[in-house]
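Open the model in your viewer and keep the selection panel at hand. We will go stop by stop.

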Amino acid sequence: MSEQSPITPSTPLSITAGISFKRYYRPYFTKRQLATLSNLKQSASFAVKEAAARHSSCKFIQEVGKKLGFPQKTISTSQALYHRFFLYYSIRDYSPQDISITCIFVAAKIEETLKKLKDIFVAVHSVKYPDSKELDPEQVSEERRKKIISYEKLLLETLCFDFQLLHPYEYVVKFTKLIQACEKTLDSKKLAKKAYQLAVDSYRTALCVEYPAHTIAAGCVYLASILLKEEDAQFEGLFEKQPWDQYFLSRMEDIEDVSQQILDLYIFANSRNDISKYTKIKIDINNQAQRRGPDPIMDEITREELQSKPSDLDFKGYNPLDIVNSNQHTVSYHFSDSSAS
């Protein structure tokens, strides 16, 4: 797998010519935007490999993070950074493992759980080779360290230097407390524990770049209720007639889509026995959505954006990602206004 350096040694002609553009941080992407980015990366035929790499890399990040003693928030931030980086870049050009290490290194800074890069390399070696002798930090080559530092710069540019990352965990707690107030007999602790684990697993998908944290939490609580009822017929799940979409401040279609994507992850990763169970739940959710019908207040433009097909924009023979991902220009970064959200 080839790797290209994000740093070019000489000043490109276009910089001296004054070519520049603005780059804005976009916290979330519609399905159509995600499909367009995938199309621009020319990764349609590479989708299965990218999905497998995403799954294995996020598992790798989780194991390394645990080895380093990081809290789950730092690990999830690392995984979110990984997903965001590969929105714009392909695993054909950048090693998923090197980018995973870079994401762990940057996330540790963002979440103020600092670790030296050499310590991260030691943990990586321990995860990759559990039966071997612990790596001596002094044996980490300067070349390897410099590679991660150069990727750190590229990752920060991809983020537009915007580090506002929210996670669903606190919303899981808030929502289960709200449910407990509505359903006194519900075992809210059991529901919260299950939903929390689903939220952890959700970072093995790209949900964090598609939906805000509270919607992911809503989907996890909703799916947790269904799974617990499957495991124990005596478990009292969410009352069907309650307006949970209003309580969770999310569209029911989005809550169901979060659930579906987590189920897809489990179907991809689990044994044949589990596949039939998860497939049945997916069918039940789809049937429920069909009975409910389409969202009556959604406009046609929004409906188009929620479809997973590339946009029909004409880029007149050039690929904008090829230009953005080069150093053949100057860039001004513009931060999102958190006060407006």
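The tour covers a helix, the cysteines and a pocket in this predicted model.

**Stop 1: helix H9.** Select residues 188–202.

Now colour the buried positions of H9. They are Ser188, Leu191, Ala192, Ala195, Leu198, Ala199, Val200, Asp201 and Ser202. An α-helix has 3.6 residues a turn, so residues three or four places apart point the same way.

What do the buried residues of H9 pack against? Show helices H3 (47–67), H4 (72–88), H8 (169–182), H10 (213–231) and H12 (252–269).

**Stop 2: the cysteines.** Select Cys103 and Cys58. The cysteine sulfur closest to that of Cys103 belongs to Cys58, 9.0 Å away, which is too far for a bond. The cut-off for a disulfide is 2.5 Å, and the count comes to 0. Cys103 is buried, at 0% relative accessibility. Go on to Cys220: its relative accessible area is 0%, so Cys220 is buried too.

**Stop 3: the largest pocket.** Select Ala47, Ala51, Arg54, Ala206 and Gln261, the lining residues nearest the centre of the pocket. The volume here is about 990 Å³.

Helices H2 (31–40), H3, H4 and H12 each supply at least two. Keep H3, H4 and H12 on display from the first stop, where the buried residues of H9 pack against them.

Conventions: Residues numbered from 1 in each chain as written. Predicted model: local features only at pLDDT ≥ 70, side-chain atom pairs only at ≥ 80, totals over all residues. Heavy atoms only, no water. Helix = DSSP H or I, 4+ residues; strand = E, 2+ residues; numbered from the N terminus. Expected span 1.5 Å × (residues − 1). Buried < 20%, exposed > 50% of the residue type's maximum accessible area, 1.4 Å probe, protein only. Contact = heavy atoms within 4.5 Å. 1 Å grid on protein atoms, 1.4 Å probe; cavity = no way out; pocket = protein on both sides within 12 Å on 5 of 7 lines; lining within 4 Å. Points joined across faces, edges and corners; volume = space filled by probe spheres on them.
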